[in-house]
Amino acid sequence: MKSRTRMARAHLQPSPRRAAPRVDIIVDSPLWKAQRGIKAVLQRAIAEAASMAATREGELAIVLTDDSAIRALNRDWRGKDQATNVLSFPVNAPSRSLTRKRGRVRVGVAARLASEPAGRVRLLGDIVIAYETMAREALAEQRPFRHHLAHLAVHGFLHLVGHDHEAEAEAEAMEALEIAVLSRLEMPNPYVLRDAEG
């Protein structure tokens, strides 16, 4: 099996600069208020990911929530009754759209899908990130909070634009793209520790 770290060394060129997607950031949990500058981190991470993934202009929402809310979403939409770090809800997958559920998490872009005139803006979907799980992972991996946050935003964004990690080849390609985006953000490879342990 090829190391995912080696896959990251593949020559990845960014796409020509296009307008970055518009990102609505919704802070749904007071836990996030203790972290300063996270909106700028998220905006920059999405802009770089869009550049590297050859994504046209568009719009998405990032919902910053807590473990309780993401656990409910994970249970309702994925059948997994546990908290997770990040969930993505692409607009092109309406069965998973946040517009069909009510709860503590307010919806972002997907909720406006029906109200936007056709052709006006390309709606990408929603990314939901849970504070407690993300913070625990960053601490356990000895990674700066902002680096892990940027990584999860990039990972979620790549799901919105069609990338997946179900098959090994898909996982390697997606991880290589994540590593390349994070490198442009001057953040280290998030998979080095995991590969060394595995």
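Colleague: What makes β3 and strand β4 (residues 123–130) count as paired strands?

Modeller: In this predicted model, 5 bridges join β3 to β4. Pairing requires at least two bridges, so β3 and β4 meet the requirement. The two strands run antiparallel, and P90 stands opposite G125 in β4.

Colleague: In what order do the strands of the open sheet lie?

Modeller: The 4 strands follow the order β1-β2-β4-β3, with mixed pairing.

Colleague: Why are β1 (22–27) and β3 (86–90) called edge strands?

Modeller: Each of these strands pairs on one side only. From one strand to the next, the twist averages 15 degrees.

Colleague: Which strands does helix α3 (residues 67–78) touch?

Modeller: Helix α3 packs on the sheet and touches β2 (59–65), β3 and β4. Its direction makes about 50 degrees with that of β3. Helix α4 (residues 131–140) lies across β2 and β4, and runs at about 65 degrees to β4.

Colleague: How do you know which term describes the orientation of α4 and α5 to each other?

Modeller: Helices α4 and α5 (residues 145–160) pack at an angle of about 120 degrees, their axes being 9 Å apart. Roughly perpendicular ends at 115 degrees and roughly antiparallel begins over 145. The angle falls between these limits, and α4 and α5 are therefore oblique to each other. Their crossing is right-handed.

Colleague: Which residues meet where α4 and α5 are in contact, and how do they divide by class?

Modeller: Y131, M134, A135, E137 and A138 of α4 meet F145, H148, L149 and L152 of α5. By class, this contact has 7 nonpolar, 1 polar and 1 charged residues. E137 is a glutamate, so E137 is the charged one.

Colleague: What makes up the contact of α2 with α6?

Modeller: R44, A45, E48, A49, S51 and M52 come from α2, while L177, A180, V181 and R184 come from α6. These residues divide into 6 nonpolar, 1 polar and 3 charged. Arg and Glu count as charged, so R44, E48 and R184 belong to that class.

Key: Residues are numbered from 1 along each chain as its sequence is written. This is a predicted model: local features need pLDDT of at least 70, side-chain atom pairs count only at pLDDT 80 or more; totals for chains, interfaces and linings use all residues. Side-chain values use heavy atoms; hydrogens and water are left out. Contact means heavy atoms within 4.5 Å. Axes are lines fitted to C-alpha atoms, for helices over the stretch in contact, and angles run from 0 to 180 degrees between N-to-C directions. Angles under 35 degrees count as roughly parallel, over 145 as roughly antiparallel, 65 to 115 as roughly perpendicular and the rest as oblique. A crossing is left-handed if the near helix is turned anticlockwise from the far one by less than a right angle, and right-handed if clockwise.
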